[in-house]
Amino acid sequence: MHTFTIKTRRSQECIDITDELVDIIKKSCISDGICHVYVPHATAAIIINENADPNIQTDFINVLNKVFPSHSGYLHDRIDNNAQSHMIASCLGPSETIPISNGKLQLGTWQAIMLVELDGPRPSRKIHVQIIPAT
Amino acid sequence: MHTFTIKTRRSQECIDITDELVDIIKKSCISDGICHVYVPHATAAIIINENADPNIQTDFINVLNKVFPSHSGYLHDRIDNNAQSHMIASCLGPSETIPISNGKLQLGTWQAIMLVELDGPRPSRKIHVQIIPAT
Amino acid sequence: MHTFTIKTRRSQECIDITDELVDIIKKSCISDGICHVYVPHATAAIIINENADPNIQTDFINVLNKVFPSHSGYLHDRIDNNAQSHMIASCLGPSETIPISNGKLQLGTWQAIMLVELDGPRPSRKIHVQIIPAT
């Protein structure tokens, strides 16, 4: 298992981690299989989408705040004031899996892998990567 | 593949199944890989989030009911009165995958694996577990 | 890795791809493991739910349009008029993983695997399939 860390700078943001993952795949010398990307935090998530226009990430954070409003009478806010972060993290999920073929991540042209920070900023968010061969 | 069952007691609830999974990993003697947890039901889901404060699960069920209101003119309600359960299950998804390293599930400190019952109570919800080695 | 393509006919729709996947599993002769299904497009997704009543897919598309309204002031709409498609795709995710046991996909009785088209119609949506043995 490979682990790297990401420093986050805002309370909510999407951070492109595709380059880090491409690098890990290259060094692994695995030709065919899957790459599992996992964030071991309950107020963060992993998504895959377009990052050629970074506005998409701003739009995504904005729409998540509309769908899951902050401080909306959540019980957990009385204990730790970040219930909204947990709600969104539960819905998006802590991991994504991407196929590997010919030694490369098979992302589409418009796909990037992103860490979603939902309760930042944090000095260090861990990301675990497992590479599993197909045979 | 390992399969176990969970009895659910409410129409909607989150049930922590981390202990069952830790046990399966321990017995498998696999040191490095991934654990895939899958619920073969169309009105249930698997999520990963905090359970140290169980209020988070109550908040999550409540917010899901706001985002996906029940009996909101769904066509499927005319056939089987549980369209909302299917909507939420489709969105959350039936599985999660967690990395294994040093023979242990690499959950974060605040992460637990939970079955989400969306159309209960049910005497027996199946959970399938596949453990895949990294090499 | 196996790849096949699907032609989509509407701007938004769910298309059942279970038969294509059952076929790939059968030909792979793998008895025990996982099947990873991945769509390499940023405006499509993979979900698992019931398709015995196809109304569930109509209900799902309808509720997604309520939760993530189209043209709701998204910045990306000024560049490429499909921000809503990206929002929904980010939330649903581009892949699902299903256990294989006794040479068969372990879908529940009421589960089907579906491509979700969110920005169609498109002449060709790719679907990548990786089959990973358990041992």
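Visitor: Let me start with one residue: is D59(B) buried or exposed?
Guide: D59(B) is buried, with 22 other C-beta atoms within 10 Å. Here a residue is buried if 20 or more other C-beta atoms lie within 10 Å of its own, exposed if 12 or fewer, and partly exposed in between, with C-beta atoms placed from the backbone.

Visitor: Before I go on, what am I looking at, and how do the labels work?
Guide: This is a predicted model, where local features need pLDDT of at least 70, side-chain atom pairs count only at pLDDT 80 or more, and totals for chains, interfaces and linings use all residues. Residues are numbered from 1 along each chain as its sequence is written, while chains are lettered from A and ligands numbered from 1 in the order in which they are written.

Visitor: Thanks. Back to D59(B): which helix does D59(B) lie in?
Guide: D59(B) belongs to helix α2 of chain B, residues 55-67. Helices (H or I, at least four residues) and strands (E, at least two) are DSSP runs, numbered from the N terminus.

Visitor: And what does D59(B) touch?
Guide: Leaving out residues up to four places away in sequence, D59(B) touches Y74(A), L75(A), H76(A), A83(A) and M87(A). Two residues are in contact if their C-beta atoms, placed from the backbone, lie within 7 Å.

Visitor: Let's look at chain A, then. How many helices and strands does chain A have?
Guide: Chain A has three helices and eight strands. From the N terminus on, they run β-β-α-β-β-α-α-β-β-β-β. The radius of gyration of chain A is 16 Å, close to the 14 Å that the globule rule gives for 135 residues, so chain A is as compact as a globular protein of that length. That radius is taken over C-alpha atoms, and the globule rule is 2.2 Å times the number of residues to the power 0.38.

Visitor: What box do its C-alpha atoms fill?
Guide: Along the principal axes, the C-alpha atoms of chain A fill a box of roughly 50 × 30 × 25 Å. Of the 135 residues of chain A, 50% count as buried. Among contacts in chain A between residues at least 6 apart in sequence, 82% join residues at least 24 apart.

Visitor: How many residues of chain A are in contact with chain B?
Guide: On the chain A side there are 27 residues, in contact with 29 residues of chain B. β3 (33-38), α3 (83-92), β5 (95-101) and β8 (125-133) of chain A each supply at least two residues to that side. α3(A) has the largest share, six residues.

Visitor: What classes of residue are on that side of chain A?
Guide: The side of chain A that touches chain B has 17 nonpolar, 10 polar and no charged residues. In this scheme Ala, Val, Leu, Ile, Met, Phe, Trp, Tyr, Cys and Pro count as nonpolar, Asp, Glu, Lys and Arg as charged, and the others, Gly among them, as polar.

Visitor: What about chains B and C?
Guide: 27 residues of chain B are in contact with 29 residues of chain C. There, α3(B) gives the most to the chain B side, with six residues.

Visitor: How is α3(B) placed, mostly covered or mostly open?
Guide: α3(B) is mostly covered, with 10 of its 10 residues buried. Among them are H86(B), M87(B) and I88(B). After α3(B) comes G93(B), whose phi is positive, near 90°.

Visitor: What rotation superposes chain B on chain C?
Guide: A rotation of 120° with 0.0 Å of shift along its axis does that, with an RMSD of 0.0 Å. That is the relation of a three-fold axis. Copies are superposed by least squares on the C-alpha atoms of residues with pLDDT of at least 70 in both. In chain B, V67(B) comes closest to the rotation axis, at 3.8 Å (C-alpha).

Visitor: One last topic: which strands form the open sheet in chain C?
Guide: Three strands do, in the order β2-β7-β4, and the pairing is antiparallel. β2 (13-16) and β4 (44-49) of chain C stand at the edges, each with a single partner strand, so one side of each is left without a neighbour in the sheet. Two strands pair if DSSP finds at least two bridges between them. β2(C) and β7(C) pair over four bridges, and I15(C) stands opposite L115(C) in β7(C).
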